[in-house]
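Subject: Structure for you to look at

Hi,

Here is the structure I promised. Please open it and keep it on screen while you read my notes.

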Amino acid sequence: MDSSAFMMVEQFLNYLSHERNKSPLTVRGYADDLRAFEAYFKTLDNHLSWESVDSDIIRNWMESMMDKGNIATSVNRRLSALRSFYRFALQRNLVNADPAHAVRGPKRGRPIPQFVRENEMDRLLDGSEMWDDSFESVRARTVIMTFYETGVRLAELVGLDDADVNFLESQIKVTGKRDKQRIVPIGRELAEELRHYIAVRDRSVEKTDGALFVGSRGARIARTAVRGIVCDGLSKVTTLKKRSPHVLRHTFATAMLNNEAGLESVRRLLGHESLETTEIYTHTTFEQLKQVYKHAHPRA
């Protein structure tokens, strides 16, 4: 690094440290990102400098990072450091132009949702050795089945009241985000499970409110308790690292689409405002389709 470039970067790092009060760890991160970029553009042309770099060089740097397997979040973080540096340098008249501000970072890819396979869910819910007739066991099975057969969120399940279950119409009323309500149908098996759970609950605990799912003292069940129930249940049948209520929501959506439910129908059942949100599950089903093709087609 020549002396003028060194001074420019040092001024920026001092600015972060003393004027912006950034932590030493943060300042070190900025320094590493800037040195990485300088090392890159010097490999292109040793005569290039911070003043002569243009937007295309920055874009090429990002592409090279992505080609090496860096995720979008990491590349965007480095681009952010570059933008901050050039914004500072332009304000201090250390450069004549800011080549970074017009460069757009790579889009963050949504992770493919994790889900439990249908045969694993069948093994969990149908395995008689998994459950007994105690209140805690009946409640656990009913909680897991409700997540799997309705796709409700954790907060929505905890918020269910007895009055929200309509056995006559085979449906439940779910209160979602921003208190928006939707009606979700329930199948015969879940309806029978809910009836059984309510009967066991009512002879096992003394309820203190209208909640459907309650703790051992009769009050509405806590979210942490529900997370524990789901984690313990799923640990019996899956090796997934993430074993949460949201995984069961993903499992519901994936199972629906795999069994030819329309995307709009799944959107309404999940309570998504946008179809775009629901479309993340099509990536999962397409991945499965590719595996089926790979194993079934003679030339695949």
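Does Phe-85 count as buried or exposed? It counts as buried, because its relative accessibility is 0%. Please bear in mind that this is a predicted model.

**Aromatic pairs**

Phe-85 has ring partners. Phe-12 is one of them: the two rings sit edge-to-face, 5.5 Å centre to centre, with 85° between the planes. This pair joins distant parts of the chain. Phe-12 belongs to helix α1 (residues 3–19) and Phe-85 to helix α4 (residues 72–91), 73 residues apart. Phe-12 also counts as buried, because its relative accessibility is 0%.

The structure has 14 aromatic pairs. Ring pairs join Phe-12, Tyr-15, Tyr-30, Phe-37, Phe-41, Trp-50, Trp-61, Phe-85, Tyr-86 and Phe-88 into a cluster.

**Cores**

The largest nonpolar core holds 53 residues. Within it, Met-121, Phe-147, Phe-213 and Val-226 touch the most other members. Helix α6 (residues 135–150) gives the most to this core: eight residues.

Take a look at Phe-147. Leaving aside neighbours within four places in sequence, its contacts are Val-152, Arg-153, Leu-154, Leu-157, Val-226, Val-230, Pro-245, Leu-248 and Phe-252.

**Sheet**

There is an open sheet of three strands, in the order β1-β2-β3, with antiparallel pairing. The edges are β1 (165–166) and β3 (181–185). Each has a single partner strand, so one side of each lacks a neighbour in the sheet. Strand β2 (residues 171–175) pairs with β3 over five bridges, in the antiparallel sense. Lys-173 stands opposite Ile-183 in β3.

**Charges over rings**

Two spots to check here. Arg-195 lies over the face of Phe-167, 4.2 Å from the ring centre. Lys-236 has its charged end over the ring of Trp-131, 5.0 Å from the centre.

Best wishes

Conventions
Residues are numbered from 1 along each chain as its sequence is written. This is a predicted model: local features need pLDDT of at least 70, side-chain atom pairs count only at pLDDT 80 or more; totals for chains, interfaces and linings use all residues. Side-chain values use heavy atoms; hydrogens and water are left out. A nonpolar core is a set of buried Ala, Val, Leu, Ile, Met, Phe, Trp, Tyr and Cys residues joined through side-chain atoms within 4.5 Å. Buried means under 20% relative accessible area, exposed over 50%, partly exposed in between (1.4 Å probe, protein chains only). Helices (H or I, at least four residues) and strands (E, at least two) are DSSP runs, numbered from the N terminus. Contact means heavy atoms within 4.5 Å. Two strands pair if DSSP finds at least two bridges between them. Rings of Phe, Tyr and Trp (its six-membered ring) pair if their centres lie within 6.5 Å; planes under 30 degrees apart count as stacked, over 60 as edge-to-face and the rest as tilted. A charge sits over a ring if NZ of Lys or CZ of Arg is within 6 Å of the ring centre and within 35 degrees of the ring normal.
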